[in-house]
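Subject: Structure handover

Hi,

Here is the structure I promised to pass on to you. Have a look at it first, and then read on for what I found.

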Amino acid sequence: MTLPPRSAALLRGGTVIAMDPGRRLIEGGDVLLDGGRIAEVGRRLRAPRGAAVADCRGKAVLPGLVQAHVHLCQVLFRNRADGLELLDWLRERIWPLEAAHDARSLRFSARLGIAELLLGGTTAVLDMATVHHTEQVFLAAREMGLRYTGGKALMDAGEGVPRGLRDRTDEALAETAALGRRWHGAEAGRLRYALCPRFVLSCSERLLRRSAELARREGWLVHTHASENPTETRLVRERLGTDNAAYFHGLGLSGPHVVLAHCVHLTAAEERLLARTGTHAVHCPGANLKLGSGLAPLPRMRRRGVPLALGADGAPCNNSLDVFHELRLAATLHLPRFGPRSVTAHDALEVATLGGAAALGLRDEIGSLEPGKRADVTVVDLRRPHLAPRGEDPVATLVYGATAADVTDVWVDGRRLVHGGVLRVADTGRLVAAAEREARRVVRRAGLDGA
Ligand SMILES: [Zn+2]
């Protein structure tokens with residue numbers, strides 16, 4: 001299928017949640033999209049000649065949601081890795097399965113994930129691919145219209161890493177640099193590259209230092225994992241005599257271009273370090289619950305000024321990529337410990353819009369509905385039984401009650417990729433059937449048929 005054209009559109013009469021500096025909520029509001037950008041936000045806007053008009057009455061119109069930590073390469077492994085903690089989950093299931101990917105299975109994994117993300121209102125992601133065939137993930141994102149930043153997973157060390165995933169340091173660096181030069185900025189900037197050292201335990205110090213240098217030289221993001229699980233955090237401390245985020249900082253891996261997924265078990269000094277250096281932490285509550293990893297102290301991190309974003313992480317550790325599930329968890333999970341007002345629905349939505357945009361280095365391009373920004377918009381039907389009757393605050397209605405299935409329309413870069421709840425860039429029935437076949441093949445190749 002080809003991408004729909006980037007045509008002008010007037011989204012008329014919705015409840016506009018702008019997330020602009022004034023945090024405007026406009027009842028009966030209009031959003032005009034033109035040339036891939038937002039042209040105007042207000043009331044009673046006139047549709048230019050030839051513009052499509054989308055009736056958004058009874059719907060919320062919000063900035064496209066951003067997930068700053070996902071693994072499209074793992075989507076085919078959903079429902080194949082339950083009941084395990086992080087290091088066993090990696091060694092027994094995820095690494096053998098990633099090692100068993102071929103180009104075709106990886107392409108279908110990414111396609112399936114992108115279909116789920118777009119149908120659920122996520123318009124932009126920061127992804128970590130696997131070690132091989134990274135171009136397949138970029139090809140899927142190119143073909144389906146998602147705003148994608150990601151890169152090859154870098155692994156040159158570690159216990160339990162299958163031979164197929166352990167690169168030689170220099171080869172990993174050469175391959176990632178070539179991929180970055182090929183893909184960063186492609187599709188008018190919709191595709192961007194990120195260096196993705198997997199985590200401290202699978203990376204040599206030299207790989208991390210060189211990644212830091214390469215990121216600075218090329219202006220690429222660095223996307224990695226830190227302090228997700230207590231055992232991982234303890235092993236890092238035992239081996240290196242320091243903690244994850246502090247170790248990264250010592251190697252030059254801190255700053256506004258560095259994104260650390262999880263940050264569940266940071267020390268107070270590390271939380272202050274992230275705030276001081278502008279290093280982003282990605283809150284992944286669904287995955288942290290399912291792998292039994294712990295709960296990142298979101299209200300305390302916010303208070304300390306740590307830049308925060310939201311992500312579902314991988315399909316086999318969540319098991320959903322529904323951003324509304326993460327929003328609801330982020331807005332409720334911390335209340336027993338920190339109090340009923342410690343995170344509001346507005347705080348959570350901010351993390352999934354402006355926070356994600358900042359983590360992706362796209363603060364001026366996405367994350368709010370403002371003239372001049374990219375036309376990435378999510379429309380949610382508020383007339384569903386489980387959202388009625390409407391309260392006064394549409395943000396609370398969305399954050400506490402909406403699900404991916406309530407999303408009706410999605411624009412990315414001015415292209416309407418979801419229309420009336422239907423994905424326009426893939427036949428979802430055929431995609432699911434093909435993904436089932438590819439999943440069975442990759443599980444067989446990994447020797448995990450009976451697992
Ligand atoms: Zn992850």
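This is a predicted model: local features need pLDDT of at least 70, side-chain atom pairs count only at pLDDT 80 or more; totals for chains, interfaces and linings use all residues.

Let me start with the pairing of T15, which stands opposite A60 in strand β5. Strand β5 covers residues 59-63, and two bridges join it to β1 in the parallel sense.

β1 has other partners too. Strand β4 (residues 52-55) also runs parallel to β1, with four bridges between them; within that pairing, L11 faces A54. With strand β2 (residues 25-34), on the other hand, β1 pairs antiparallel, over six bridges. There, I17 has L25 as its bridge partner.

How much of β1 is buried? Of the nine residues in this strand (residues 9-17), eight are buried, so the rest of the structure largely encloses β1.

Next, a helix to look at: α2, residues 103-119. With 17 residues at 1.5 Å each, α2 should span 24 Å, and the distance between its end C-alpha atoms is 24 Å, so expectation and model agree. α2 is mostly covered as well, with 15 of its 17 residues buried. If you follow the chain just past α2, you will come to G121, which adopts a positive phi of about 90°.

To the contact between them, domain 1 contributes 19 residues and domain 2 contributes 22.

Which elements give two or more residues to the domain 1 side of that contact? They are β15 (377-381), α14 (394-401), β16 (407-412) and β17 (415-419). The biggest contribution is from α14, with four residues. In terms of residue class, the side of domain 1 that touches domain 2 holds 14 nonpolar, two polar and three charged residues.

Finally, a word on confidence. The mean pLDDT of the protein chain is 97, and 100% of the residues score at least 70. Helix α1 (residues 86-99) has the lowest confidence, at a mean of 96, while strand β7 (residues 122-127) has the highest, at 99.

Happy to talk any of this through once you have had a look.

Best wishes

Conventions. Residues are numbered from 1 along each chain as its sequence is written. Two residues are in contact if their C-beta atoms, placed from the backbone, lie within 7 Å. Ala, Val, Leu, Ile, Met, Phe, Trp, Tyr, Cys and Pro count as nonpolar, Asp, Glu, Lys and Arg as charged, and the others, Gly among them, as polar. pLDDT is the predictor's confidence in each residue, from 0 to 100. The expected span of a helix is 1.5 Å times one less than its number of residues. A residue is buried if 20 or more other C-beta atoms lie within 10 Å of its own, exposed if 12 or fewer, and partly exposed in between; C-beta atoms are placed from the backbone. Two strands pair if DSSP finds at least two bridges between them.
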